[in-house]
Amino acid sequence: MSRIIGRKIFHYVRVTSTQDKAKKLAENGFAEGAVIIAEIQTQGKGRLGRRWVSPRGGIWLSVLLRPEITPMEVPKITMIGSLAVAKAIAELTRLEVKLKWPNDVLIRTISGFEFKKVCGVLTEMVSGVSRVNYVITGLGINVNNRIPAPLRAKAISLKEVTGRNLPRQKLLRKVLEKFDKYYLNFGKQGMAPILKEYRGMSAVLRREVKIECPGRIIKGKALDIDEYGALIVKTQGGKERVIAGDVTIVKR
Ligand code: BT5
C-alpha cells in the first residue's frame, strides 16, 4: 500500500496533459500524493516544449508533490521517479532496464544490441526563491501503445519487446508503490541510498558522451552523478558539472 503517492487517484479518458490537470489540483491546495492518470493525452509534453506522443495503451500520469526542498534540488525528484519506473518494469518483466540521465528509462531491444526509450520523466515546479511550493512529476510509459514510425529509432514499448500485452494496472500499482517507497526514504535518509541504486542502473556512467545543453555541446567521459542529480563529465578542459541536457552515448 502506498502511504503518500497514490492516496488519491483521478482517472480520465482524455486530457490535454496530465501535468496541467495536476497543476490545477496543486493550485487548489490539494495535498501531495495525488495522481492524475489518463488513457490519452492530446497535448502530452516533454521537456523544453517538446511533444510527448500519448495514444491509448500507455501509462500517462502525473504526481503532485510538495517536498521540502530548494528549487536546486528538484532534479532529485526526477531521479526518484525514473528509478521507481525502472525498478517496477524490471520486476514485472524481467527485462534489462537502464537509466539514461537525466530523465529517460531504457530497455534492451529484442535484437539485444541496443537500448531504447520506454519512459520519459518530466518534472515541473512552482517555487519561491528558496523553497519549492509544489512539484509535478509526469511519467510517460510506453506499455501496449503503438510508437509512431518516426520515433521508432529511439523509442519502444514494453509490448514490442515482450511480445504480449502487459497488465497496465499491475504495472501502475508497482510504479506508485516504488515511487512512494523512494520518496518516503528520501524524506528520511536523503539522496544517498537512492543515488546508489540509480548509479547501478545508469546507462551513461563510464561512457563517452555528447551532451546537448541549451546553447552548447559538451563532450567527454561521464564520471559520476552527484547528490543534486548533476552529471559530472571529464572533458578536455577539466571537469564539468552538467545540470540538464540531452545525452548521446558515443559508440567507439
Ligand atoms: C520526456 O521529455 O521524456 C518527458 C516525457 C514526460 C511525459 C509524461 S506523460 C504524463 C505527463 N504528462 C505530460 O504531458 N507529460 C508527462 P524529453 O526528454 O524532452 O523527450 C521528448 C522527446 O521524446 C520527443 O521530442 C520525442 O523525440 C520523443 N518522444 C515523444 N513521445 C515519445 C514516446 N511516447 N516514447 C518515447 N519517446 C517519445
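Helices H2 and H5 cross in the left-handed sense. In this predicted model, H2 covers residues 75–93 and H5 covers residues 192–200, and their axes come within 10 Å of each other, crossing at roughly 55 degrees.

As for the hand, H2 passes H4 in a right-handed crossing.

Now for the ligand. Its surroundings amount to 26 residues, and the closest of these are Ser 17, Lys 45, Arg 50, Lys 117 and Asn 142. Sorted by class, the shell holds nine nonpolar, twelve polar and five charged residues. The side chain of Gln 41 places an N or O atom 2.8 Å from a nitrogen atom of the ligand. Asn 142, one of the closest residues, likewise has a side-chain N or O atom 2.8 Å from a ligand nitrogen. Lys 45, also listed among the closest, uses its backbone: an N or O atom there lies 2.7 Å from an oxygen atom of the ligand. On its own the ligand would expose 810 Å², and the protein buries 90% of that area.

Which elements give two or more residues to this shell? They are helix H1 (18–27) and strands S3 (59–65), S6 (115–127) and S7 (132–141). S6 supplies the largest share, with four residues.

Two spots in the loops deserve a look at the backbone. As a rule, most residues other than glycine have a negative phi, and most peptide bonds are trans. The bond joining Trp 101 and Pro 102, however, is cis, with omega at about 0 degrees. Pro 102 sits in the loop between strand S4 (97–100) and strand S5 (104–108). The other spot is Leu 48, a residue other than glycine with a positive phi, near 50 degrees. Leu 48 belongs to the loop that runs between strand S2 (35–41) and S3.

Notes: Residues are numbered from 1 along each chain as its sequence is written. This is a predicted model: local features need pLDDT of at least 70, side-chain atom pairs count only at pLDDT 80 or more; totals for chains, interfaces and linings use all residues. Side-chain values use heavy atoms; hydrogens and water are left out. A residue is near a molecule or strand if one of its heavy atoms lies within 4 Å of it. A polar contact is a pair of N or O atoms within 3.5 Å; within protein, one must be able to donate a hydrogen and the other to accept it, and residues adjacent in sequence count only if both atoms are side-chain atoms. Accessible areas come from the Shrake-Rupley method with a 1.4 Å probe; for residues, only the protein chains shown count as cover. Ala, Val, Leu, Ile, Met, Phe, Trp, Tyr, Cys and Pro count as nonpolar, Asp, Glu, Lys and Arg as charged, and the others, Gly among them, as polar. Axes are lines fitted to C-alpha atoms, for helices over the stretch in contact, and angles run from 0 to 180 degrees between N-to-C directions. A crossing is left-handed if the near helix is turned anticlockwise from the far one by less than a right angle, and right-handed if clockwise.
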